[in-house]
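Here are my notes on this one, as a few numbered points. Have a look at the fold first, then read on.

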Amino acid sequence: MTDFRAYELQPASSLLAWALNTYGDSFALACSFQKEDLVILDIAARVNPKVRVFTLDTGRLHEETYQMMEEVRSRYGVVIEPCFPDREEVERMVTLHGPNLFYESAEKRHLCCDLRKTRPLGRKLRELRAWATGLRREQSSTRAHIPKVEEVDGVVKISPLADWTASQVEEYTRENRLPVHPLYSRGFPSIGCAPCTRAIQPGEDERAGRWWWEQSNKECGIHFADDGSVRRNVTAKQNEEQDLGNFMHKGFTLWFTGLSGAGKSTLSQMVARRLRECGAEVELLDGDVVRTRLSKGLGFSKEDRDENIRRIGFVCELLSNHGVIAIAAAISPYRALRDEVRRSVANFVEIYVECPIEVLAERDVKGLYRKALAGEISNFTGVSDPYEPPLAPAVTVNSSRETPEQSLDRIWATLENLGLISFDRSALAH
Ligand code: SF4
């Protein structure tokens with residue numbers, strides 16, 4: 001890793017000139033239209049008027065922020081690249097929890113910040129080699145030691161104003177007649193999303209301007225660590241290794257249903273492994289294994305199949321009631337039986353592992369699908385016996401169209417969206 005300590009003595013203008021010359025189009029300024037961001041833009045635009053600027057448009061910004069965006073575009077002639085959250089992720093979150101979920105719990109607020117801020121920022125940084133932020137050491141104790149230049153996850157992060165005081169920012173703003181976000185004059189100490197920032201009264205703590213309804217853990221989902229570095233898109237294991245926060249989970253049941261050979265066992269094992277890496281208590285009940293123990297002696301008549309599912313469901317109920325994550329992977333072809341289990345198990349999450357019969361027949365080394373399709377095997381689920389797909393599963397994955405890793409990520413995102421797993425990032429601060 002490059003040693004950037006020599007840059008500590010460089011003034012903001014030199015640092016920005018160096019970054020623009022060194023990284024060219026792979027360098028961009030992060031801008032949320034706060035005073036610091038405008039100072040940096042003003043300095044950078046003098047070096048290169050075509051400097052790249054991006055902004056995280058969470059979809060919940062103040063109207064005044066959009067006015068600022070227009071003002072900045074017209075004054076500097078720069079293109080402002082918006083980074084939007086993933087539409088599907090937001091749709092799922094709002095469908096499940098409503099538009100103002102952040103007021104309900106810190107957990108849900110973190111989820112919203114994660115989807116609307118952290119992930120879009122992570123995506124943007126993946127296309128850059130270097131970026132600049134308006135962080136200043138004076139802003140908070142957690143920013144007291146941020147370096148001016150550092151490398152974080154392979155991207156160079158530059159904080160040109162790290163050693164500036166608030167008065168210096170004010171002075172530069174005044175002397176250069178920079179545009180100022182109108183909400184400052186209405187008592188807003190910082191500019192963020194409309195539902196989560198407010199004006200403060202004289203003498204009131206600055207932090208009261210954000211997430212004022214929360215008693216603690218006022219960190220932003222953007223996850224600036226103590227050193228000011230942004231943490232983005234880390235896996236659970238990395239999170240643990242980097243001490244980014246504690247993994248938390250509720251007791252719940254993850255029920256994988258789908259035809260034989262669709263990938264239920266593979267995926268359930270992958271999910272179990274990732275959860276265990278995070279320190280979760282997990283029990284996996286694979287249909288094939290269950291039949292050699294818990295359901296030994298049961299056959300494949302409808303009654304015996306139903307009984308098998310009831311037994312698996314009963315164990316899942318006990319486990320999830322005691323805070324354990326139970327994962328069941330069973331064909332479980334009948335909707336009524338799955339619904340019966342759903343009614344008895346709190347936090348029941350149904351995952352449909354979809355795959356077309358033709359693909360399953362090709363994958364099937366034992367040739368059972370081909371035999372069933374040829375009429376040589378009777379009562380074969382999906383061919384000569386019904387398989388009733390879920391009507392509204394929590395998530396559907398398709399093993400013929402996506403890799404197991406992609407399916408795993410979507411399942412993981414669903415669990416986060418449902419608030420069943422989360423990271424306590426109270427050690428981090430915005
Ligand atoms: S600040 Fe509020 S609205 Fe904005 S992303 Fe975070 S929780 Fe959502």
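1. Start at Leu-29: leaving out residues up to four places away in sequence, Leu-29 touches Ile-40, Leu-41, Ala-44, Val-51, Arg-52, Val-53 and Ala-132 (contact: C-beta atoms, placed from the backbone, within 7 Å). Bear in mind that this is a predicted model, where local features need pLDDT of at least 70, side-chain atom pairs count only at pLDDT 80 or more, and totals for chains, interfaces and linings use all residues. Numbering runs from 1 along each chain as its sequence is written.

2. Leu-29 is also among the residues touching the most other members of the largest nonpolar core, which has 41 residues. Such a core is a set of buried Ala, Val, Leu, Ile, Met, Phe, Trp, Tyr and Cys residues joined through C-beta atoms within 7 Å; buried means 20 or more other C-beta atoms within 10 Å of the residue's own, with C-beta atoms placed from the backbone. The top contributor is α2, with seven residues (helices are DSSP runs of H or I, at least four residues, and strands of E, at least two, numbered from the N terminus).

3. Another core, of 40 residues, lies apart from that one and includes Phe-256 and Ile-351.

4. Now the open sheet: five strands, in the order β9-β10-β8-β11-β12, with parallel pairing (strands pair if DSSP finds at least two bridges between them). β9 (282-286) and β12 (395-398) each have a single partner strand, so one side of each has no neighbour in the sheet.

5. In the parallel pairing of β8 (residues 252-257) with β11 (residues 348-354), there are five bridges. Thr-257 sits opposite Tyr-352 of β11.

Definitions and conventions:
A residue is buried if 20 or more other C-beta atoms lie within 10 Å of its own, exposed if 12 or fewer, and partly exposed in between; C-beta atoms are placed from the backbone. Two residues are in contact if their C-beta atoms, placed from the backbone, lie within 7 Å.
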